[in-house]
Amino acid sequence: TIETQPFRPLVVDNYRFDPFDAASVNSVLAGNGLVYSAGFGIRGAAHFFLAELDSVRECEGVRILIAGREHARDVSALPAMSMQDTVFIRRDAIARMLWEKAQEASWHKHDTPMRRALQAYGFESAPYTAIARMVNDELETFVQHELGELHAGALLGCEWQDLLARALGKPAEPLIRAVRDNIADALTTLPYLLRDFRPAALHFYFSTLGPLRKSLQPSLINAYDLWRETQQLAQLQQLVERSAEHWLSVAKQLPLDDWERGTAETFVAAHSL
């Protein structure tokens, strides 16, 4: 009954705020141990949450807010998001995602990156302990990806953000987001994982890649498989060093019309790494 109604202002301590003005809301909530976030995700869907604030830190001028127990949220719980100079990381959402992935892994008897990550954390013998450890240990992977998205946005400029805004809900949107995610991970996430190397973390990272991102980067999947077979990281490291330049080049040379003109299959064939 309220789906088509406009958003109403938020009232906090008798102040009225635009519901998407998270920075102003958090300035009023400061000292109450709470954090609020609002933004737009895939297909332009609005996302909100209110949670207990676990910790705050800064990295390269970016404020990183770690949210704990959530008091309210929308239907779809994003584990992390970034807006301007702020990154929001949600422990509850990460835990929920891990439980869902663990359930999916139990349905498939064949070996998968998620199954390998769960085994590394001892999930079969102590599932609740394993998930709690995974949330703590892999939280930084989400931080690095969001920092990478901010770096990618700075390199691509405002035109790229306008491109994404025009693509919302269109066939090009998943491709545009996948390319940006590839840039972000090449800039920060993968260098972090290779620098502070832990096998479980690398397995977990590859478990988060969807079919589209895998099809765009077959060489990355091959390098991961080679590491599993030989325990040698050289090929993966070399690939990461050149992948950021590749995806930045792809991102800058294609206007929206070209993305819309072809299918995902033809795009992947022409631009995969």
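Seven bridges, given as 7 in the computed pairing, join strand S3 to strand S4 (residues 46–59), and these strands run antiparallel. Strands (E, at least two residues) and helices (H or I, at least four) are DSSP runs numbered from the N terminus, and two strands pair if DSSP finds at least two bridges between them. Within this pairing, alanine 38 stands opposite phenylalanine 48 in S4. The model is predicted: local features need pLDDT of at least 70 and side-chain atom pairs pLDDT 80 or more, whereas totals for chains, interfaces and linings use all residues. Residues are numbered from 1 along each chain as its sequence is written, and side-chain values use heavy atoms, without hydrogens and water.

S3 and S4 belong to an open sheet of 5 strands in the order S3-S4-S5-S7-S6, with mixed pairing. Strand S3 (34–40) and strand S6 (80–83) are the edge strands, each pairing on one side only. Neighbouring strands are turned by 40° against each other on average, direction ignored; axes are lines fitted to C-alpha atoms, for helices over the stretch in contact, and angles run from 0 to 180 degrees between N-to-C directions.

Helix H1 (residues 22–29) packs on this sheet, touching S3, S4 and strand S7 (86–90), where contact means heavy atoms within 4.5 Å. The direction of H1 makes about 175° with that of S3. Helix H4 (residues 127–156) also packs on the sheet, touching S4, strand S5 (62–73), S6 and S7, and its direction makes about 150° with that of S7.

Elsewhere, helix H9 (residues 218–230) and helix H10 (residues 234–253) pack at about 155°, with axes 8 Å apart.
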